[in-house]
Amino acid sequence: MKVLVATEKPFAKIAVDGIRKEIETAGFELVLLEKYTNKSQLLDAVKDADAIIIRSDVIDAEVLSVAQKLKIVVRAGAGYDNVDLDSATAHNVCVMNTPGQNSNAVAELALGMMVYAVRNFYNGTSGTELMGKKLGIHAYGNVGRNVARLAKGFGMDIYAYDAFCPQEVMKQDGIKVCSSVQELYETCNIVSLHIPATAETKNSIDYALLKNMPKGSLLVNTARKEVINEAELLKLMEERSDFKYLTDIMPARHADFIGKYAERYFSTPKKMGAQTAEANINAGIAAAQQIVGFLKDGCDKFRVNK
Ligand code: 3PG
């Protein structure tokens, strides 16, 4: 059995070594396709793969139709919006993610971005502190929970809104629960986004929502660029010189943001929330173990295309 690791943005070497150990101990063969620059390389590599480990790499209907032997795709990470689930199901391919394995890394980056923003991008001028500021966590999943844990250490006043997480779970963690997304944005000085990109959430962070944030607000996005209505965020930033936007996912209209608002807009050049050795090891090895469990024992825990 061939297990392909297809990562346009590679794992740390130590993680690849760990993945290799898991795969080869199970008697399978590991094939690496790292830093590919063209989809044709992926199409070529998947032809004889029985299993694939990916990150944000796109597995669409074309890839699935070429991968004739494919049985399982594991997205080493949380969001699986990069995989065509319907097409995978139609091709009888199991799709899994590795929930929670990279969430501390993403949460640490979110807090780092908050510090960077309130200290004026480390430009030497007087900034503000996070202590006592109202932090709104938009979606209380694995990353949101880790953000809350870290923000407590900074002495922040923590609020959250989650359409699916039971309120008791948030309350037990000492979080103030908002009953609507509007309430979260009206209340908080800083909002940290942790929603997935779905049909419902795409473009949902819009002018109507953001315009009610208090003066001197900050939006931190370590989730997905698709959830932002970029045209409306640009309009808001034009009207509100007090508003800052920091993102780990470069907007489609990055040139407009950086061209006009360089002193209160920042984007990483490449999504790096989960780009740590620890997150790569956790998510990569979990992915390898899930593949071995599926191919050997039919275990489909973490399957997302049921
Ligand atoms: C995720 O969904 O797990 C994160 O966005 C990390 O994505 P990456 O593996 O492409 O860095």
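Asn 120 lies in the loop between α5 (103-118) and β6 (134-138). Helices (H or I, at least four residues) and strands (E, at least two) are DSSP runs, numbered from the N terminus. The phi of Asn 120 is positive, about 55°, although the residue is not a glycine. Most residues other than glycine have a negative phi, and most peptide bonds are trans. The model is predicted: local features need pLDDT of at least 70, side-chain atom pairs count only at pLDDT 80 or more, and totals for chains, interfaces and linings use all residues. Side-chain values use heavy atoms, with hydrogens and water left out, and residues are numbered from 1 along each chain as its sequence is written.

A positive phi is also found at Asn 203, near 65°, again in a residue other than glycine. Asn 203 sits in the loop between β9 (190-193) and α9 (207-210). Its relative accessibility is 43%, so Asn 203 counts as partly exposed. Buried means under 20% relative accessible area, exposed over 50%, and partly exposed in between (1.4 Å probe, protein chains only).

Pro 196 belongs to the loop between β9 and α9. Pro 196 is partly exposed, with a relative accessible area of 49%. Not counting residues up to four places away in sequence, Pro 196 touches Thr 201 and Val 227. Contact here means heavy atoms within 4.5 Å. The C-alpha atoms of Pro 196 and Ala 78 are separated by 8.8 Å, while the two residues are 118 residues apart along the chain.

Two open sheets are described next. Two strands pair if DSSP finds at least two bridges between them. Axes are lines fitted to C-alpha atoms, for helices over the stretch in contact, and angles run from 0 to 180 degrees between N-to-C directions. Strand β1 (residues 2-7) runs parallel to β2, and six bridges join the two. Within β2, Val 31 stands opposite Leu 4.

The other open sheet has seven strands. Their order is β8-β7-β6-β9-β10-β11-β12, and the pairing is parallel. The edge strands, β8 (176-177) and β12 (265-267), each pair on one side only. Four bridges link β9 and strand β10 (residues 218-221) in the parallel sense. Leu 218 in β10 is the bridge partner of Ile 190. Helix α6 (residues 142-153) packs on this sheet and touches β6 and β7 (157-161). The direction of α6 makes about 165° with that of β6. Helix α11 lies across β11 (244-247) and β12, and runs at about 140° to β12.

Helix α11 (residues 254-261) also meets helix α10 (residues 230-239): their axes come within 11 Å and cross at roughly 5°. α10 is therefore roughly parallel to α11 (angles under 35 degrees count as roughly parallel, over 145 as roughly antiparallel, 65 to 115 as roughly perpendicular and the rest as oblique). On the α10 side the contact involves Glu 230, Leu 233, Leu 234, Met 237 and Glu 238. On the α11 side Asp 256, Phe 257, Lys 260 and Tyr 261 take part. These residues divide into five nonpolar, no polar and four charged. Ala, Val, Leu, Ile, Met, Phe, Trp, Tyr, Cys and Pro count as nonpolar, Asp, Glu, Lys and Arg as charged, and the others, Gly among them, as polar.

Arg 240 is found in the loop between α10 and β11. Arg 240 is buried, at a relative accessible area of 16%. Leaving aside neighbours within four places in sequence, Arg 240 is in contact with Leu 210, Lys 211, Met 213, Pro 214, Lys 215, Gly 216, Ser 217 and Arg 264.

A search of the whole structure returns zero disulfides, a disulfide being a pair of cysteine sulfur atoms within 2.5 Å. The sulfur of Cys 165 is 13 Å from the closest cysteine sulfur, that of Cys 178, which is too far for a bond. Cys 188 is likewise in no disulfide, and the nearest cysteine sulfur, in Cys 178, is 5.6 Å away. Cys 165 is buried, with a relative accessible area of 13%. Cys 188 counts as buried at 0% relative accessibility.
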